[in-house]
Amino acid sequence: MSEFQAYLQLGFDHITDPNGYDHILFVIALCAVYAFREWKKVLVLVTAFTLGHSVTLALSTLKIISYSSAFIEFLIPITIFITALANFSEKNAGEAKSPKLRYVLAACFGLIHGMGFSNYLRSLLGDQESIVMPLFAFNLGLELGQLVIVAIALAIASFFVEIIKVKRLTWNHLISGIVAGMALSLILNNELFRTFVGLSVE
């Protein structure tokens with residue numbers, strides 16, 4: 001396996017890894033209001049997220065920007081929670097009231113997730129001097145992984161909505177509620193949050 005293929009695989013594995021399911025939850029939350037026939041809208045939405053995380057992934061990996069890893073790990077579940085809650089404002093799946101706002105939020109939240117991705121990539125790179133190719137391959141792997149998650153999420157949604165005949169609004173609320181609950185659990189169990197609450201109580 002070439003170095004390019006190795007980092008491509010690592011990027012794909014990282015975003016699809018069930019043990020690090022926070023990014024998976026975010027992608028699912030983005031897709032929750034859509035069915036398979038709205039795949040073009042979802043593609044635009046996911047592309048906005050990709051653009052966002054590509055920027056900060058590159059800047060962070062190249063050490064152009066720096067930040068607190070603990071703070072980013074705290075912000076990621078918050079982006080998931082906000083995205084899931086926003087889905088409850090949609091009256092009909094696939095008919096977002098403010099699609100442009102959803103694209104902007106996806107891009108902005110992508111900036112945060114990109115910094116989370118960079119933590120893992122930098123640990124892989126170590127003292128490696130040339131990082132442009134690994135960076136590109138890793139990011140491409142992330143994108144491919146996202147598309148797989150989107151395809152699975154839309155396929156499952158279509159099965160329940162089109163075949164089982166679950167109402168689309170009910171499906172949206174069910175999935176968004178589950179994702180919001182899991183994101184809230186991540187927030188409450190976050191070390192930075194627990195430390196902050198502990199200091200506040202004292």
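**Figure 1. The order of elements in the chain.** From the N terminus on, the elements of this predicted model run α-α-α-α-α-α-α-α, which comes to eight helices and zero strands, where helices (H or I, at least four residues) and strands (E, at least two) are DSSP runs numbered from the N terminus. The radius of gyration, taken over C-alpha atoms, is 17 Å, close to the 17 Å that the globule rule gives for 202 residues, so the chain is as compact as a globular protein of that length; the globule rule is 2.2 Å times the number of residues to the power 0.38. Along its principal axes the C-alpha trace spans about 55 × 55 × 30 Å. Of the 202 residues, 42% are buried, a word that stands for under 20% relative accessible area, with exposed meaning over 50% and partly exposed in between (1.4 Å probe, protein chains only). Among contacts (heavy atoms within 4.5 Å) with a separation of 6 or more, 85% are between residues 24 or more positions apart.

Residues are numbered from 1 along each chain as its sequence is written, and side-chain values use heavy atoms, with hydrogens and water left out. Because this is a predicted model, local features need pLDDT of at least 70 and side-chain atom pairs count only at pLDDT 80 or more, whereas totals for chains, interfaces and linings use all residues.

**Figure 2. The packing of helix α1 against helix α5.** The axes of helix α1 (residues 3-16) and helix α5 (residues 99-125) come within 11 Å and cross at roughly 140°; axes are lines fitted to C-alpha atoms, for helices over the stretch in contact, and angles run from 0 to 180 degrees between N-to-C directions. The crossing of α1 past α5 is right-handed, a term for a near helix turned clockwise from the far one by less than a right angle. On the α1 side the contact is made by Tyr 7, Leu 10, His 14 and Ile 15, and on the α5 side by Phe 117, Tyr 120, Leu 121, Leu 124 and Leu 125. By class, this contact has eight nonpolar, one polar and no charged residues, where Ala, Val, Leu, Ile, Met, Phe, Trp, Tyr, Cys and Pro count as nonpolar, Asp, Glu, Lys and Arg as charged, and the others, Gly among them, as polar.

**Figure 3. The packing of helix α2 against helix α3.** Helix α2 (residues 22-31) packs on helix α3 (residues 39-61) at an angle of about 145°, and their axes lie 10 Å apart. Here too α2 passes α3 in a right-handed crossing. Phe 26, Val 27, Leu 30 and Cys 31 of α2 meet Val 42, Leu 45 and Phe 49 of α3, a contact with seven nonpolar, no polar and no charged residues.

Figure 4. The structure holds three salt bridges, each defined as a side-chain nitrogen of Lys or Arg within 4 Å of a carboxyl oxygen of Asp or Glu. Arg 37 pairs with Glu 38 (3.7 Å, N to O); Glu 38 is buried, at 10% relative accessible area, whereas Arg 37 is exposed, at 57%. Arg 37 also meets Glu 162 (2.8 Å, N to O), linking the loop between α2 and α3 to helix α6 (residues 132-163) across 125 residues, and Glu 162 is partly exposed, at 35%. Glu 38 in turn meets Arg 168 (2.8 Å, N to O), which lies in helix α7 (residues 168-188), 130 residues apart from Glu 38. Through shared partners, Arg 37, Glu 38, Glu 162 and Arg 168 are joined into one network.
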